[in-house]
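Biologist: Could you take me through the surroundings of the ligand, one step at a time?

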Amino acid sequence: MTTLVIAEHDNASIKSATLNAVTAAVACGGDVHVLVAGHNAQGAADAASKVAGVAKVLLADSAAFGHSLAENVAAQVLAIAGDYSHILFPATASGKNVAPRVAAKLDVAQISDIIKVDSPDTFERPIYAGNAIATVQSGDKVKVITVRTTGFDAAATSGGSAAVETVAAAADAGKSTFVKAELAKNDRPELTAAKIVVSGGRALGSAEKFQEVMTPLADKLGAAIGASRAAVDAGYAPNDLQVGQTGKIVAPQLYVAAGISGAIQHLAGMKDSKVIVAINKDEEAPIFSVADYGLVADLFTAVPELAKAL
Ligand SMILES: Cc1cc2nc3c(=O)[nH]c(=O)nc-3n(C[C@H](O)[C@H](O)[C@H](O)COP(=O)(O)OP(=O)(O)OC[C@H]3O[C@@H](n4cnc5c(N)ncnc54)[C@H](O)[C@@H]3O)c2cc1C
């Protein structure tokens, strides 16, 4: 029984979501191999080889993988899938883009968003926006799984000494071409990897106020900024800051929610945070039911005061 983890990387280094997937892979039992499909990706492969728990790194290097097009990466995974009992992807935008293609071609059911491995064929996953946990058992020969990164600790980036083996790169699937990437520039920590997240809700009232009130607090704490969907839909914050069921799932050490009511769809994205601080002027707001520290106050006074005091 051997598990393959599909690495998420930028060719030079491994992205942190891969480390959580490695921990899930170790829990599946058996050896853990990591596939790095990239272009000039020796750096990423070397980084993967040092990850604790990894027995072997497979490097498929080709221009076709330069931009991680899902069609090409899926073809590569399928080319080597026969050797594996489990194939694990982080449940990120890119992992979720490739995994279903692999599962469909292998004619198996994808097991999505697992948060726990009970045994090699039995897994736990949240349903109903995290309000219930389903235990699912799979009889498929190969388990194609996406891993909720907040459900597993990150594997250590050192301590491993896996061999890096070059494998033949699958041909370009020819179904898609890379046109361009427009990357939002951000000096802040990445939302899903940040240790501290400060989020604002509809109460902020405008994009200008959102910036004016939330940014100084985030700067003081070295935090990533998040937002509720209402704040995003109203144009107060960009789409990629949305936390929740249809946004990003975060579990930082500290989550500060200002002017967020705490709808279940928002809680689904942050309730596993270690310490939750809520600032809301309505003492009945549902966010207080998950908060470790609650402040019933007007955020336009409380947040600047907090930033000043830090
Ligand atoms: C299918 C589906 C998916 C969804 N996915 C998501 C998701 O991923 N993420 C998400 O966030 N939501 C999501 N939602 C929307 C969710 O149901 C809520 O509508 C949304 O989270 C509300 O955002 P909010 O808390 O900012 O706004 P509101 O619910 O309007 O709450 C604003 C809060 O601010 C407080 N407030 C007002 N003024 C002040 C002040 N001056 N000082 C302090 N507090 C103040 C109010 O008391 C209130 O509690 C989804 C909904 C659906 C149906």
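This is a predicted model: local features need pLDDT of at least 70, side-chain atom pairs count only at pLDDT 80 or more; totals for chains, interfaces and linings use all residues.

Biologist: Which residues are the closest to the ligand, and how many surround it?

Modeller: Counting a residue when one of its heavy atoms lies within 4 Å, the shell includes R202, S228, T246, S261 and N280 as the closest members. By class, that shell has eight nonpolar, twelve polar and five charged residues. The number of residues that surround the ligand is 25.

Biologist: What share of the ligand's accessible area does the protein cover?

Modeller: On its own, the ligand has 980 Å² of accessible area. Of this area, the protein covers 75%.

Biologist: Where does the ligand sit, and which elements give two or more residues to its shell?

Modeller: The ligand is placed in the second largest pocket. The elements that contribute two or more residues to its shell are α6 (229-233), α7 (264-267) and α8 (299-309).

Biologist: What is the volume of the second largest pocket?

Modeller: The lining of this pocket has five nonpolar, nine polar and two charged residues, and α6 and α7 each supply at least two residues to it. The volume of the second largest pocket is about 260 Å³.

Biologist: Which lining residues are the closest to the centre of that pocket?

Modeller: The second largest pocket is lined by 16 residues. Those closest to its centre are S228, R229, A230, S261 and A263.

Technical notes
Residues are numbered from 1 along each chain as its sequence is written. Side-chain values use heavy atoms; hydrogens and water are left out. Accessible areas come from the Shrake-Rupley method with a 1.4 Å probe; for residues, only the protein chains shown count as cover. On a 1 Å grid over the protein atoms alone, a cavity is a set of points where a 1.4 Å probe fits but cannot get out, and a pocket is an open set with protein on both sides within 12 Å along at least five of seven lines; lining residues have an atom within 4 Å of a point. A molecule sits in a cavity or pocket if more than half of its atoms lie within 2 Å of its grid points. Helices (H or I, at least four residues) and strands (E, at least two) are DSSP runs, numbered from the N terminus. Ala, Val, Leu, Ile, Met, Phe, Trp, Tyr, Cys and Pro count as nonpolar, Asp, Glu, Lys and Arg as charged, and the others, Gly among them, as polar. Grid points are joined across faces, edges and corners, and a volume is the space filled by probe spheres set on the points.
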